[in-house]
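Open the model in your viewer and keep the selection panel handy. The stops below go sheet by sheet, then to single residues.

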Amino acid sequence: MSDPLTLIERLPTVTVLVVGDLILDHYVSGATERVSPEAPVPVVLYEDERYIAGGAANVVRNIRAAGARAICAGTIGCDTEGEILRTRMAETGADCSAILALEDRPTTLKTRIVSQGQQILRIDRETRAPLDDIACGRIIAACRPALESCDAVILSDYGKGVLT
């Protein structure tokens, strides 16, 4: 067994395939100064928003941040959120060749409303049904070349239907 320092030094030579549920985390931030007159809920005055790769995509981000090569496999929708997620993954330097865009599924999106550093609401847009046989076959086919060149595989299951 190698010592931890040796393992860390080897990270730039390691390739990891991550297969799983890709999620786009969306944060909308603002200040709350009053309660709505229509319902007893806070009114958040919009200040900022940002998108971050989440779920299995976050695992890929962490692998890249540690210096290893990462290949990302999963699904996104044929939608704006899918393009944002694919862009975020490419910005990390991850290999996105095994990300499949599917017409019949939206990109999983988790929108969090944050005020004064506190999450006050989360809205999820997702499909949790298992992928059909055709989509599963496409993911397996997209992963085959990566399996020949990777050193490790991580299965990252958030219950969104990719790992069946």
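Start with the open sheet of 4 strands in the order S3-S2-S6-S7, where the pairing is mixed. Strands here are DSSP runs of E with at least two residues, helices are runs of H or I with at least four residues, and both are numbered from the N terminus. Two strands pair if DSSP finds at least two bridges between them. At the edges stand strand S3 (42–55) and S7, each pairing on one side only. From one strand to the next, the twist averages 20 degrees. This is a predicted model: local features need pLDDT of at least 70, side-chain atom pairs count only at pLDDT 80 or more, and totals for chains, interfaces and linings use all residues. Residues are numbered from 1 along each chain as its sequence is written, and side-chain values use heavy atoms, with hydrogens and water left out.

Select strand S2 (residues 22–35) together with S3. They pair in the antiparallel sense over 13 bridges. Leu22 has Gly55 in S3 as its bridge partner.

Angles run from 0 to 180 degrees between N-to-C directions, with axes as lines fitted to C-alpha atoms, for helices over the stretch in contact. H3 packs on the sheet too, touching S2, S3, strand S6 (108–115) and S7; the direction of H3 makes about 110 degrees with that of S2.

Stay on helix H3 (residues 80–91) and pick Glu81, which lies in it. Is Glu81 buried or exposed? Glu81 counts as buried, because its relative accessibility is 18% and buried means under 20% relative accessible area (exposed is over 50%, partly exposed in between; 1.4 Å probe, protein chains only). Leaving aside neighbours within four places in sequence, Glu81 is in contact (heavy atoms within 4.5 Å) with Leu24, Thr107, Leu109 and Arg125.

Next, Leu121 in strand S7 (residues 118–125). Leu121 is partly exposed, with a relative accessible area of 44%.

Move to the other sheet. Its 4 strands form an open sheet in the order S5-S4-S1-S8, with parallel pairing. Strand S5 (95–102) and strand S8 (152–156) each have a single partner strand, so one side of each lacks a neighbour in the sheet. The twist averages 15 degrees from one strand to the next.

Zoom in on strand S1 (residues 15–20) and strand S4 (residues 69–77), which pair in the parallel sense over 5 bridges. Thr15 stands opposite Arg69 in S4. Finish on helix H4 (residues 133–149). H4 lies across S1, S4, S5 and S8, running at about 175 degrees to S5.
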